[in-house]
Amino acid sequence: QDVYYRSDQEGNLIMVSPSGAVLLGYDSIDEILRKPIADTLYYDPSERYVFLADLEKTGFITNYEIQLKKKDGTRIFVSTNSHFYYEETGIVSGVEGIIRDITQLKQTETALRMSTERYRSVVEHAGEAIVVAKGSDRLVYANPITSSWLQTTPEEILNRSFTDFIHPEDRIMVYDRYQQRIRGENVPDQYDFRLLNQIGETIWVTISSVRILWDGEPATLNFLKNISDRKKAESALLESEQ
């Protein structure tokens, strides 16, 4: 399925396996033999000279990515293991190697990167605090609004215990429910508790939490909504009723 090729000193293609015609969309290899590789097969001919310059450093290259073009001009991505081959006198005769199509892999990588970037944009601009905790109680991710609520920096949040930011009267309850969720036990998906930021302010939040895997380890993904205004209104209404 891979393509074997050989070029001469002038950069013309002088040998190629039948799979080369299939990969590049030609009816037969006769359409590309004895033609300059740079102009005929490279999507950007100038990349051929970069390839040769890198090849000259050691005489061979491994898993080197280049962009080729099909007969109809469609760009494809390939990975090549190539080296110089020599005459008996030791003079370089040209380049030969193996080419593997990695177009689908590159497309998957691009789609994954775009998906990750969209996800990161949504999370980092969310109106809710979003945090991930793993292990015994360690925070491994917190979006920017979390830092704003806690009046601290992201660096001062990560790798700390989440109990450091919970009101003392709520710490045991929140910690116990976290441990139960990590173990896969049934616990409320939503409940209210109080945060305590670095300047001593109390923030009422309602949490929605799910168990996930983070770097292969059990963790919890947590969405926290600020309900301080609601709690104040409820307290004021209760006082008024009393």
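1. Which residues of α3 are buried? In α3 (46-58), the buried residues are Arg48, Phe51 and Leu55; here buried means under 20% relative accessible area, exposed over 50%, and partly exposed in between, with a 1.4 Å probe and protein chains only. The model is a predicted one, in which local features need pLDDT of at least 70 and side-chain atom pairs count only at pLDDT 80 or more, while totals for chains, interfaces and linings use all residues. Residues are numbered from 1 along each chain as its sequence is written, and side-chain values use heavy atoms, with hydrogens and water left out. Helices (H or I, at least four residues) and strands (E, at least two) are DSSP runs, numbered from the N terminus.

2. Viewed down the axis of α3, the buried residues fall within an arc of 60°, so they line one face of the helix; the arc is that of the directions from the helix axis to the C-beta atoms. The face turned away from this buried side carries the exposed residues Tyr49, Glu56 and Lys57. The buried residues of α3 pack against β1, α2, β3, β4 and β5, where contact means heavy atoms within 4.5 Å. Gly59 follows α3 and has a positive phi, near 90°.

3. An open sheet of 5 strands has the order β2-β1-β5-β4-β3, with antiparallel pairing; two strands pair if DSSP finds at least two bridges between them. β2 and β3 stand at the edges with a single partner strand each, so one side of each is left without a neighbour in the sheet. From one strand to the next, the twist averages 30°. Axes are lines fitted to C-alpha atoms, for helices over the stretch in contact, and angles run from 0 to 180 degrees between N-to-C directions. Within this sheet, β4 and β5 pair in the antiparallel sense over 9 bridges, and Ser79 has Arg100 in β5 as its bridge partner. Helix α3 packs on the sheet and touches β1, β3, β4 and β5, its direction making about 175° with that of β3.

4. The largest nonpolar core has 24 residues, of which Tyr5, Leu13, Leu24, Phe51 and Leu68 touch the most other members. Such a core is a set of buried Ala, Val, Leu, Ile, Met, Phe, Trp, Tyr and Cys residues joined through side-chain atoms within 4.5 Å. Elements giving two or more residues to this core include β1 (3-7), α1 (18-24), α3 and β5 (92-101); the largest share, 4 residues, comes from β3. Leaving aside neighbours within four places in sequence, Phe51 is in contact with Tyr5, Tyr42, Ile61, Tyr64, Ile66, Thr80, Ser82 and Val95. A second, separate core of 21 residues includes Trp149, Phe165, Ile182 and Val205.

5. Another open sheet of 5 strands runs in the order β7-β6-β10-β9-β8, again with antiparallel pairing. Its edges are β7 (138-142) and β8 (190-196), each with a single partner strand, so one side of each is left without a neighbour in the sheet. Neighbouring strands are turned by 35° against each other on average, direction ignored. β8 and β9 (residues 202-214) pair over 7 bridges, and the bridge partner of Leu196 in β9 is Thr202. β6 and β7 pair over 4 bridges; their hairpin has 3 residues between the strands, and Gly135 in that hairpin takes a positive phi near 70°. Helix α8 (residues 228-241) lies across β8, β9 and β10 (217-226), running at about 135° to β9.

6. Helix α7 (residues 171-182) has 12 residues, which at 1.5 Å a residue should span 16 Å, and its end C-alpha atoms are 16 Å apart, which agrees; the expected span is 1.5 Å times one less than the number of residues. Its buried residues are Val174, Tyr178, Gln179, Arg181 and Ile182. They cover an arc of only 160° around the axis, which puts them on the same side of α7. Their cover includes β6 (129-134), β8, β9 and β10. Gly184, which follows α7, has a positive phi near 85°.

7. Gln151 has a positive phi near 55° and is placed in the loop between α5 (144-150) and α6 (154-157); its relative accessible area of 45% makes it partly exposed. Asp215 has a positive phi of about 55° and is found in the loop between β9 and β10; Asp215 is exposed, with a relative accessible area of 67%.
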